[in-house]
Amino acid sequence: MTRASRPRRTDAPVLVRRGLVALTVVGILAAAFELATERHWNGTEQLIPWMALAVLAAAVTLLLVPRGRGVPAARVLAVLVLGASAYGVLDHVLVNYESGALDERYSQSWDTLPALQQWWLAVTKTVGPAPTLAPGVLGQSALLLILASTGSTRRREQLKPASR
Amino acid sequence: MTTTTTRLLTTCTAAALALGLTACGGAAPPPAATAPASSAVAAEPTDSDDSATAEDDETAPAGAKVSANTASEDEIAAALESAGVSNPDRWAEEVVEYRPYPTDDPNLTKLRDNLAKYNPGQETTDKIVSALTP
């Protein structure tokens, strides 16, 4: 009775892995929705996150290839998305920083502010239009995918019958 | 269990390394990368020529309007400067970036909405729009 009501111990990693993959897919869809509502397609640079989402979707597909054959490629793609995410965060901070002089509250005083304060205002989006950490969602989803890929291929277990 | 932990650690280390490398390499390009979207559009010689014949803002008196859709970035900056807008070059970049604008909206509502993200204030927005036509 007790055994039947509890999940088997071997099922837990599988459930966690599936959950991580599901969260990755949710992250992709949520980021796509957010980008679409922000009309994030003014110029080539604003298309980078769209490309990163496509790459991440491809990575998810690779992760689901039977026998874990696509896992290495999926990890490489996920790391690429991590890089794009980091670039996005830096770029958003820079866009905000460069917009400081356009803000009516700081247009007269921006050049006289200490550099540290200028960057703080940019990072906190007090000036500028770009949400600083929003691109981090891409990185978070990529990390979830990498975590999902960990232990997804029980190579030893799979290879044992073949090697015998 | 040990294998999984090792894999996890290796993966996280690789990710952190990639992030670090990207951060180091990404520090340089962004300043140039923020401009290309607008500069690429502004580099179109046909737009410049068209608007030059239509608006002739190089020789136009102060207050002459230029097209937000077809004028070059330099022409828009000149028009904004003559309208008394501070940071005209920077604002001209933004005007070009958010193209195209509906030709049936002389109030340039789309431009106003996008400029509002920068919190320029009503006076500056009005000055910018006053120097432009759709």
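A residue is counted as buried if 20 or more other C-beta atoms lie within 10 Å of its own, exposed if 12 or fewer, and partly exposed in between, with C-beta atoms placed from the backbone. The model is predicted: local features need pLDDT of at least 70, side-chain atom pairs count only at pLDDT 80 or more, and totals for chains, interfaces and linings use all residues. Residues are numbered from 1 along each chain as its sequence is written, while chains are lettered from A and ligands numbered from 1 in the order in which they are written.

Helices (H or I, at least four residues) and strands (E, at least two) are DSSP runs, numbered from the N terminus. Chain A holds seven helices and zero strands. Its elements run α-α-α-α-α-α-α from the N terminus on. Chain A has 164 residues, and 36% of them count as buried. Contacts are residue pairs whose C-beta atoms, placed from the backbone, lie within 7 Å. In chain A, 74% of the contacts with a separation of 6 or more join residues 24 or more positions apart.

Chain B contains eight helices and two strands. Along the sequence, the pattern is α-α-α-α-β-α-α-α-α-β. Of the 134 residues in chain B, 31% are buried. For chain B, residues 24 or more positions apart supply 50% of the contacts with a separation of 6 or more.

Helix α5 of chain B spans residues 73–82. Seven of its ten residues are buried, so the helix is largely enclosed by the rest of the structure. The buried residues of α5(B) are Glu73(B), Glu75(B), Ile76(B), Ala77(B), Ala78(B), Ala79(B) and Leu80(B). Gly84(B) follows α5(B) and has a positive phi, near 85 degrees.

Technical notes: Two residues are in contact if their C-beta atoms, placed from the backbone, lie within 7 Å.
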